[in-house]
Amino acid sequence: MGRIVKVLAVVFGLVFAGATAVNAILVVQSRTALAAAGFAGVTSAPRKPRHLLVILPVSDDTFFSHILDGINASAAIIKAAVQVERYPAASPEEADHWFEIGLRSGVDGIVMYATPGDDVAKRAGIAEAAGVVYVAVGKEAPPGVLPCFIGSAPLFQGFAGGRIITGILAQRARIGLILPEDVVGHLEENSLYKGVAAAVATYRGASIIATVRAQPGIFAGEEAAADLLSAHPEINAIWCATSRDTLGAAQVLVDEGLAQKIVLVGADETPLLQRYLEEGVVAASIVRDSRRIGIEAAEAFADMEDGKPPPGIIEVDFTVITGGSPR
Amino acid sequence: MKAPRSLRGKMVLVALAMLATIGAATLYTGIATAELARSLGLLFSRNQHLEDIKIGLAASSTDLTGYLSTRTPDDLSSFFSNSDSLAESAKVLNRAIREDEGLLLQRELAGLIDRYLESARAAAEAKGSRSVEVYTSRFEDSEKTAALARSIIERVESRNLAASIDAYSGLNSRIKAVIATNAALVVAAVLMAFMIFLSYTWAITGPLSSLAAAARAIEGGDYESEVPHEGATEEIATMANAFERMRRSVRAAFDEQRAKAEIERRLIEEELRLVDMDRKLKDAELLALQAQINPHFLFNTLAAGMQLALSEGADRSADFMDKLAAFIRYALRSPSRLVGIADEIECVELYVWLLRLRFGERFSFSIEVDDGTLGIDVPALILQPLVENSVGHGLRDVETGGIVRISARLEGGEALLEVADNGAGMEEAVAERLIREAMEAETSGGEGGIGLHNVIRRLSLATGGRAKVEMESAVGRGTLVRIRLPAGREDS
């Protein structure tokens with residue numbers, strides 16, 4: 001009996017110590033979480049020599065998320081602490097707001113998405129005057145002399161898409177285009193459109209039937225594709241400029257029983273898009289290397305901050321993938 | 001630390017252990033709760049810095065606007081005062097570049113406030129120097145920067161609020177776990193304290209129980225088991241030792257009583273034996289008295305026969321009757337009397353004379369006596385029965401050449417009386433058995449009246465057991481009976 005009592009005393013002692021330890025851990029965790037949540041921030045975060053402000057629109061287009069991936073991947077290399085500020089795509093004035101903050105608060109550099117029509121050259125001049133490195137990223141470089149713009153090659157992307165469609169349908173190609181909503185001005189001046197048109201022009205009889213603009217998004221893509229098909233029943237090929245629009249258009253084709261009857265050429269690469277490619281709903285996708293854009297932008301910022309001259313316009317490459325492409 | 005040995009010390013230690021355990025649990029739970037509350041307060045108190053900056057910024061901006069509008073010294077003074085306060089408040093902001101979004105926002109806010117203060121002070125100074133273009137442009141810049149700073153503050157507040165809500169939500173879930181672990185540790189502490197109490201109680205009362213068991217055992221008559229006192233406190237050990245001493249004393253008294261009883265029992269037995277011997281002696285004397293009735297008649301008759309034989313000229317018959325009467329006279333006197341060895345030899349010579357008359361030259365007898373032995377007292381009739389045994393048993397089947405040797409001599413402080421024959425003899429084991437039986441026999445049953453056992457018994461009574469009778473014999477080589485007597489004269 002005496003032995004059992006001693007053993008139980010030890011057992012309860014261990015439970016007591018264990019409960020106290022767990023309790024202490026919980027209290028410390030709570031305190032740490034509360035302290036980190038407050039104004040002080042995580043003061044143990046590593047110090048960096050450069051402060052890079054990245055201003056991008058809020059969008060579920062993988063083009064932007066991949067840019068951010070590229071910047072973050074390069075941040076460690078260029079030793080920069082990256083501050084990301086997102087603004088609603090419909091409120092570009094908020095981008096200006098953050099641009100102003102960046103200039104006045106003393107950040108070392110700003111990487112900013114240049115919307116079509118944005119005066120990149122003027123913004124570069126203001127930034128230079130404020131002593132802040134400015135790097136513009138975007139899909140299509142605006143006209144004029146630009147100190148630093150990192151973008152894709154929309155003309156070639158449009159041409160590649162057009163070639164895929166005409167390669168399948170030849171002169172029978174009747175194409176509907178779904179372009180991003182931020183495409184401004186005359187369609188004939190848009191590089192994507194011009195690329196598709198150049199490819200179609202090589203086949204007599206093939207033509208671009210209609211062009212719509214849509215916010216990058218699955219529902220927006222569905223709506224745009226449905227509108228195109230209902231308004232133009234003769235359309236037998238659709239070209240989408242964003243991954244989300246492509247997914248929306250693919251869903252419409254599946255719903256309408258038009259999969260593989262209408263040639264759908266999309267943009268970029270997501271797991272769902274990959275599945276559509278494997279099923280043949282999407283014939284091909286023009287994958288812009290937007291991650292590369294991010295990497296190039298970060299490197300350009302570091303170089304310019306180190307005193308090197310601006311690189312000018314850099315257009316990163318793209319690839320065309322189909323259902324049979326290796327992943 | 002040396003554990004206390006006293007009962008009081010142990011009880012105090014138990015109480016202290018219980019109090020310490022439960023007290024530690026209570027203290028800890030209190031500290032943990034206070035710490036959580038303090039952390040919660042910290043969450044909101046830190047955001048107060050942001051509020052101070054916001055207020056300072058608004059006040060500075062208002063004062064600057066007022067000063068630029070009215071140009072009153074009070075506004076200017078207030079502006080510089082608030083600007084200094086704002087600068088002081090902004091000192092808590094992070095200015096280092098760190099990989100943390102919140103800290104980077106603070107850095108931006110710090111930069112904007114610096115820019116604001118620089119522009120605002122420049123505007124105020126330009127106003128003083130009446131440089132309209134400069135102060136308006138710097139004022140516009142300060143106002144724009146202030147607006148951007150306020151937007152950053154809102155952003156930080158919004159972010160902090162979201163983070164605080166998340167943290168508070170996490171805190172709520174942790175508080176449940178903290179309460180559960182608090183309850184667990186309090187229960188565990190109480191149980192542990194109870195077990196410590198039980199353990200010590202066991203240790204304290206264990207020796208008492210053993211002592212009680214020992215008391216019950218002694219009460220039941222068991223004085224052999226020792227009283228245990230291992231692990232006992234000083235007080236209980238003292239009691240146990242005292243109890244043990246008492247047990248040993250009682251047991252010693254009992255042993256003494258038993259020893260006395262045993263001695264008394266032996267004394268009683270000895271008395272009974274003496275009474276029995278006395279009775280037997282009286283019986284023997286009575287028998288001897290009865291036997292003396294006829295000897296007087298026999299003596300008278302033999303005397304008459306001797307007178308008749310002399311008157312008729314039969315000298316040899318008269319001599320026979322005379323020696324027979326002398327032998328019988330010697331033999332019929334009290335057998336318990338002591339006589340000298342000379343008397344015993346004389347008796348043996350008479351007996352041998354009579355045997356020769358009976359057996360003629362069939363047996364020869366030799367008697368060798370050391371003169372030094374003649375005066376030694378011995379019980380009467382100890383040699384004649386031995387000679388009788390030699391003739392009656394040893395030489396019974398010997399037709400001729402039988403020899404009986406009787407001797408008495410001194411050797412090593414002892415008188416040795418020996419009767420030896422060259423008769424049939426016996427095995428050594430038989431001889432030993434005869435001696436043993438003779439020594440153990442209670443009554444006379446020997447062949448020929450006074451036998452070997454009678455001799456041994458009387459010798460033992462007469463010498464107090466100091467006389468010894470030995471027998472040496474071998475088949476076909478005869479038998480020797482030896483009596484060892486202490487050479488000094490002894491009273492029976």
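**Questions and answers on a predicted model**

Colleague: In which helix is V14(B) found?
Modeller: Residues are numbered from 1 along each chain as its sequence is written, while chains are lettered from A and ligands numbered from 1 in the order in which they are written. The model is predicted, and local features need pLDDT of at least 70, side-chain atom pairs count only at pLDDT 80 or more, and totals for chains, interfaces and linings use all residues. Helices (H or I, at least four residues) and strands (E, at least two) are DSSP runs, numbered from the N terminus. On that numbering, V14(B) belongs to residues 7–70 of chain B, helix 1.

Colleague: Is V14(B) buried or partly exposed?
Modeller: A residue is buried if 20 or more other C-beta atoms lie within 10 Å of its own, exposed if 12 or fewer, and partly exposed in between; C-beta atoms are placed from the backbone. V14(B) has 19 such atoms within 10 Å, so V14(B) is partly exposed.

Colleague: What distance separates the C-alpha atoms of V14(B) and Y200(B)?
Modeller: Contact means that C-beta atoms, placed from the backbone, lie within 7 Å. Leaving out residues up to four places away in sequence, V14(B) touches I196(B), F197(B) and Y200(B). V14(B) and Y200(B) are 186 residues apart along the chain, yet the separation of their C-alpha atoms is 6.6 Å.

Colleague: How wide is the arc covered by the buried residues of helix 4 of chain A?
Modeller: In helix 4 (residues 120–130) of chain A, the buried residues are V120(A), R123(A), A124(A) and A127(A). They lie on the same side of the helix because their arc, taken from the directions from the helix axis to the C-beta atoms, is only 100°.

Colleague: Which exposed residues does the opposite face of helix 4 of chain A carry?
Modeller: The buried residues of this helix pack against helix 3 (93–105), strand 3 (109–113), strand 4 (133–138) and strand 5 (148–151) of chain A. The face turned away from that buried side carries K122(A) and A129(A).

Colleague: What share of the residues in chain A is buried?
Modeller: Chain A comes to 10 helices and 12 strands. Of its 327 residues, the buried share is 51%.

Terms used. Two residues are in contact if their C-beta atoms, placed from the backbone, lie within 7 Å.
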